[in-house]
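Please open the model in a viewer and keep the sequence panel at hand.

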Amino acid sequence: MKNGISILLSRIATPTRVGPRDFIIVAVLAAIAFAVPYFAGTYQQEVGFRILQLGALAAAWNIAAGYTGLVSLGSAAFFGIGVYTMAMASNAGLPLVLCVVLAAVVAGLFALIVSPALFRLRGLYFTVGTLALAEAMRIFVVNSPWFGGQAGIFLTAKAPKAYDLYWIALLVAVIVVVGVLLLLRSRWSYRMQAVRDDEDVASQLGVRTYRTKLWAFGLSGAFIAIIGSIQALNQGIVQPNGGFGMSWTIDIVSVAIIGGMGTKVGPWVGAVFIVLLGEFLIQFPEIHLAVVGVVLVLVIRFMPNGIWGTLTLALQKKRNFS
Amino acid sequence: MNSIDPVGLANTVLGGALLGGLIALSAVGLSLVLGVMKLVNLMHGQIVVLGAYAAFYLAAFWGISPLLALPIVFVLGFAFTAPVEKFILAPVAKHGEEAGLLTTFALAIILENLFIRFFSGDSRSLDTAFSRETIAIGPINLPTIYLIGFAISLTVCLAVWMLVTRTSFGRSLRASSEDPISAAIVGIHVSRVRWGTFALNGGLASMGGVLIALCFSFTPSSGSEYLLTAFAIIVLGGLGNIMGTFVGGIALGVIQSLGAYFFGDGYRTFVGLVMLIILLAIAPNGILKRRRSL
Amino acid sequence: MTAVLQLESITKSYGGVRALDSLSLHVAPGEVLGVIGPNGAGKSTLIGVIGGALTPNSGTVTFDGRDISTLSSADRARLGIGRTYQIPRPFTRMTVADNVRLAATNSGHHLSHRELEPFVAGILERLGLTPFAEEVAGKLPLLRRKRLELARALALKPRVLLLDEIGAGLVRSETEELISIIQSLRTEVESMVLIEHVMDVISQCCDRTAVLDFGKMVTVDETPKVLADPVVASLYLGSVAESADTIVVDESKRAAIRASLTSLVSAPNMASGTPLLTVDDVWVRYGGLNALKGVSLSVNPGECIALLGANGAGKTTMARSLAGAVPLTSGTISFAGKSIAGLRPDEVTALGIAQCMEGRKIFGTLSIEENLIAGGLDARKHVKAERLEAVYSIFPILKQRRKNSGTALSGGQQQMLAIGRALMSAPTLLVFDEISLGLSPIAVDEVYEALGAIRDSGVSMIVVEQSVDRALGLADRAMVLGQGEITLEGKPAELLADARLLASYLG
């Protein structure tokens, strides 16, 4: 009966609700974030960029994994598509905005192409399939003659300033967040959650499950690719092990789970946690990742709803008692 | 592409078959774990790497030849993974399949980074007296180590097959794999079976790591490639089918070698991965059908 | 004849078992069709086939003159076929209103944004769910879950509604409420198919009723005629007179079996005069539903208890909690003076309680002999061999085929294997759960013949059964479970004479 749905989420008792209040909060926070470069230095802007990047990535991943139950470990494939599309399109002289849009379109097409194989897999097998997909993409890009091999591709365009990058990342993050909120307000929201909770029953109630999964997976992938395209600008050079590297998948999954899967705020809590932990352990990158692993193990065991999910539940209980 | 040279092709196919059979040892426990624990063990690749490092340091510090170290590595792998199941995985089993999957994902991250921290990111390889020798069969030249590794893998796979089909633990394993609740009601201590299976896999995968490292160099980050290769093998061979896994290994070895032969060595793994995805999509339960009696 | 829904020689098999066997059926416009039949007759499979969740092996389904056999369930829902589930399956993490909105926005009828909310509110109101609209569906108790099932199906604006045992597990007043809801639906839903065990629902709602058994149509006719048919009553209760004739008691065979059994059952290790098993005020709750509500019972050494009751009454939950496979919410179970609550299933088995599980649960990846050995893992090697021989002498067919896979046997033989496996642990108490389910009458005779011999060996037994006459023929004492409580208790003869027994089955 349970088709690989995430038990991690099963204790979250707060249903997803999106109202005008959410949009106002996003607008206020975005306005505050917009002002940061005016009083903070380059270092703070870089940290801010990283938080915006990881938070947006996790929020995008959440569309498929948290709301639709498609737990993917293939995010690096979409991220890499974004990275390389930006590099190649911008070197071809296309304007920035078009490059970003192209990244999203290519990622969407990629989702469309791989979905017939992937969606036959349920639960754990889907997860393994996505992992294999990302590795296959990385190896393909390393070896094929079109993508510059291991050495990668240099971006010919001049690298943007730190504050420009920060603002671009902020814009992208706002687009992703508003996109997620609009999605949650739409009829797709019920369909996605229904597919996650019980695919067979959803189908019996008229939900075209394949289409629903494709929308969620494709949209999630397109957003991840957009964020990837910004990373290409940030780096100035794109390489297979950077763009398609497992480390992106690890970051995304850690942020989403530590923050709280299937919640609106969780990704941002997780992103702040992971980035600050990384800054704290900046001298020891391996130790940082090992610590992230330990935190993950502990969160899955003792706080299966993540930091934010656990907080909300605790608040709810308190309210119910008083 | 190269013009096809029959001797070179035969060399490739035979070498690939031997190599695949050798690698099968690293995969044979993965399907037992999947069957009994309903767990996709994402730290599997890191256990394989751990075995390789164990043999590396046994050779470096005590001069123990990797082949003689195999039993020690098995014990180390068993001893390392047994508490992992008991104290980390078993408690989250009640949170559902995904909790176990993500926990092993986290453990994989931890292990990989500890490897980098303590063993450095350098690429390593294992050496034996036979490492550079080849055996000629007519015009075909095959590395001696492939033959030895193949024979060891076949022997261990047969032993595992005997264990699963002929012993009391094997009966309990099969029953728990098929229906854990009924198995428990019949009187089988299912949690002990799970624990034993995971640790057995730990020992087998570590030994597999030694064999692989005798043929290829490895780094702390080789784990994900080993995991996916092992997965491709068990999907090819049919989940839960021990000797099928061995045959699946041979098949994958041949396919990968042909891929490398025709498209270049970089495509060796790629061909395997693409096949894994296609196989998962068309026949998630494997090509070789699972036999009733395993 | 213009049927809304027409099934033409549908066959659906699982493994070797035919759940539906070239079944044909039609539903006329404006009609409410009831479908009844014992457990395992193929009723739920029928709904799955109509709704599209199951693909039949052969046969066609026609809706409104159109062959829909190849359509997905989503497309069938959009055409106007709505269904509910026997065990409600709400989307537990969505609110009640969102559950209904989902169906409303995926039906074949387009609703604009402005129309949606009043429509959803109307349906919630209609089913009395308005106060719980914003509650998470996973928190609802059973009756509200059932109403939500109906609400979701109605939100599709279906032309045909398939209701799978909507009355199961409800108390009488709740059932009456449901009946009035169903009757009120007649004006807006063209036709309905009701699968039911609760006869009140059938008699008050259905124009015609079909009776299924072993996947085949036994009869279909106007409801009052069907309910008066003696064949139907015997399908549920079995017929004592008939089975008494067919059982040939072979005394010498019995004596041999009795001799073999001495090594297969253990005497209780405890002071005499106290009950072997005491179940005290046991409650079991899963997912918001109370499966057992304060059940107390005891079994004396050597006693055979029959535990009866309709589908969903809590019998299997009781058996499972005795096995340690279901955690108790409250209450205690003690066996031979020790509390067994909280023990693992294998620990319970080691103490001396063996189970013959519902559905037999034979391991197909193990051979017949391995299945038997798995039942007596703790025994020493020579004891194991001795017990194995004893089981083989009781069921010679198992010895003949001992190398074959456990599931290569016929249903009756598998049941013998399950009994043999339970005996391999040399238990003090044996629990038989729905042992006659899905077996042919002859196989049931054979199995009960063996049970009789086992009872005579002096072991304690609990026989959980739907088939009343068989169990009562065997038991020293019987109790009837209804809605998770013991509703009736007594000697078999007294119970048979009690009209309430039949009522507890037929409503």
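Helices (H or I, at least four residues) and strands (E, at least two) are taken as DSSP runs, numbered from the N terminus. Residues are numbered from 1 along each chain as its sequence is written, and chains are lettered from A and ligands numbered from 1 in the order in which they are written. This is a predicted model, in which local features need pLDDT of at least 70, side-chain atom pairs count only at pLDDT 80 or more, and totals for chains, interfaces and linings use all residues; side-chain values use heavy atoms, with hydrogens and water left out.

**First selection: A:Asp22**

Select A:Asp22, which lies in helix H1 (residues 20–39) of chain A. Is A:Asp22 buried or exposed? A:Asp22 has a relative accessible area of 13% and is therefore buried (under 20% relative accessible area; exposed is over 50%, partly exposed in between; 1.4 Å probe, protein chains only). Leaving aside residues up to four places away in sequence, A:Asp22 is in contact (heavy atoms within 4.5 Å) with A:Arg17, A:Leu181 and A:Lys264.

**Next: the interface**

Display chain A against chain B. Between them, about 3,800 Å² is buried (accessible area, 1.4 Å probe, that two parts lose on being put together, summed over both), and 78% of it is on carbon and sulfur atoms. On the chain A side, A:Leu124, A:Tyr125 and A:Arg301 lose the most area to chain B, together 17% of what that side buries. The contact draws 42 residues from chain A and 40 residues from chain B.

Four residue pairs, both at pLDDT 80 or more, are in polar contact between the chains; such a contact is a pair of N or O atoms within 3.5 Å, where within protein one must be able to donate a hydrogen and the other to accept it, and residues adjacent in sequence count only if both atoms are side-chain atoms.

Now colour helices H5 (124–143), H11 (246–259) and H13 (285–302) of chain A: each supplies at least two residues of the side that touches chain B. H5(A) gives the most, with 13 residues.

Select B:Tyr53 and B:Phe218. Their ring centres are 5.0 Å apart and their planes stand at 80 degrees, so the pair is edge-to-face (centres within 6.5 Å for rings of Phe, Tyr and Trp, the last by its six-membered ring; planes under 30 degrees apart are stacked, over 60 edge-to-face, the rest tilted). B:Tyr53 belongs to helix H2 (residues 44–62) of chain B, and B:Phe218 to the loop between helix H8 (190–215) and helix H9 (223–237), 165 residues apart. B:Tyr53 is buried, at 1% relative accessible area, and B:Phe218 is buried at 1%.
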